[in-house]
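This briefing is meant for a reader meeting the structure for the first time.

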Amino acid sequence: MTYVDLSAQSIAAGGSPSLRGYLAVPDGQGPFPGVVMIHEVFGLDDQTRRHADRLARAGYLTLALDLYSDGGARRCLVGTMRAMAARSGRPFTDIATARTWLAQSELGNGRTGVIGFCMGGGFALLVARDGFDAASVNYGRLPGKQQEELVEALRGACPIVANYGGADKSLKGAAARLESALDQLGIEHSVKEFPTAGHAFLNDEEQGPALLRPLMRVMGVGPDPASSPEAWQRIEDHFARYLKE
């Protein structure tokens, strides 16, 4: 495993003092397009690293950022979620630091994308207008309760591909709302809701505490092997269009 220490850059920018991430490097000489990956609420775990490795095999220099670098999920989760709700704070500085690191990497081609899952999907949507060339939002919560708030939050965003699950009880109507907002703004996009899929359907295994997994299944949370291949292909096609030279 290859981890990158971003603490020097992060401290200079006012971000997390111990910021780090998992770097997945494609085979070959490069240069490669870069992708910042933002994890689910459970943190930078084996599932996230497998996602990063998958994108690396597709030719993307992928930096899976650890938003809990300064204390783990127990200490950082609440603050991270508050920052997302406020649409400002340290996580946004950390994501910007990761984007700059990839853009300046000798392995990179200067173009950067962002991808997020669950909580990370919400962040990916919010930073889509912060210097990225393409964004992939996967079952990410939408900012604001009113459609006007969503439109303003997305104004100036880069091209977006989004995947949602029709059986995801926590995000009913999110795909339609997102597509409507992007249509209104004239932002290039592809939004799809997969009828049989629930939350976290791109994962290849169940996550979370074992005692909660039966409840999570009832809530429509977990892998969907029938839908995930198409969703992943949509992600790769989107990044290939906007990030590869």
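Which residues line the largest cavity? In this predicted model, the lining of that cavity is made up of His 39, Glu 40, Gln 47, Thr 48, His 51, Phe 117 and Asn 203.

**The cavity**
- The structure holds 1 cavity of 30 Å³ or more, and the volume of the largest cavity is about 30 Å³.
- Helix H2, which covers residues 46-57, gives the largest share of the lining of the largest cavity, namely 3 residues.
- By residue class, the lining of the largest cavity consists of 5 polar residues, 1 nonpolar and 1 charged.

**The sheet**
- Eight strands form an open sheet with mixed pairing, and their order is S1-S2-S4-S3-S5-S6-S7-S8.
- Strand S1 (3-5) and strand S8 (189-194) stand at the edges of the sheet, and because each has a single partner strand, one side of each is left without a neighbour in the sheet.
- From one strand to the next, the twist averages 20 degrees.
- Strand S5 (residues 108-117) and strand S6 (residues 134-138) run parallel and are joined by 5 bridges; Gly 116 has Val 137 in S6 as its bridge partner.

**Helices on the sheet**
- Helix H7 (residues 174-185) lies across strand S7 (160-165) and S8, and its direction runs at about 165 degrees to S8.
- Helix H9 also packs on the sheet, where H9 touches strand S3 (32-38), S5, S6, S7 and S8, and the direction of H9 makes about 150 degrees with that of S5.
- Ser 228 belongs to helix H9, which spans residues 228-243.
- Ser 228 counts as buried because its relative accessibility is 12%, which is under the 20% cut-off.
- Leaving aside residues up to four places away in sequence, Ser 228 touches Phe 201 and Leu 202.

**The second largest pocket**
- The second largest pocket has a volume of about 180 Å³, and the residues that line this pocket are Met 84, Ala 85, Arg 87, Gly 122, Leu 126, Arg 141, Leu 142, Pro 143 and Gly 144.
- Helix H3 (72-86) and helix H5 (119-126) are the elements that give two or more residues to the lining of the second largest pocket.
- The lining residues of the second largest pocket divide by class into 5 nonpolar, 2 polar and 2 charged.

Methods
Residues numbered from 1 in each chain as written. Predicted model: local features only at pLDDT ≥ 70, side-chain atom pairs only at ≥ 80, totals over all residues. Heavy atoms only, no water. 1 Å grid on protein atoms, 1.4 Å probe; cavity = no way out; pocket = protein on both sides within 12 Å on 5 of 7 lines; lining within 4 Å. Points joined across faces, edges and corners; volume = space filled by probe spheres on them. Helix = DSSP H or I, 4+ residues; strand = E, 2+ residues; numbered from the N terminus. Nonpolar A, V, L, I, M, F, W, Y, C, P; charged D, E, K, R; others polar. Buried < 20%, exposed > 50% of the residue type's maximum accessible area, 1.4 Å probe, protein only. Contact = heavy atoms within 4.5 Å. Pairing = 2+ DSSP bridges. Axes fitted to C-alpha atoms, helices over the stretch in contact; angles between N-to-C directions.
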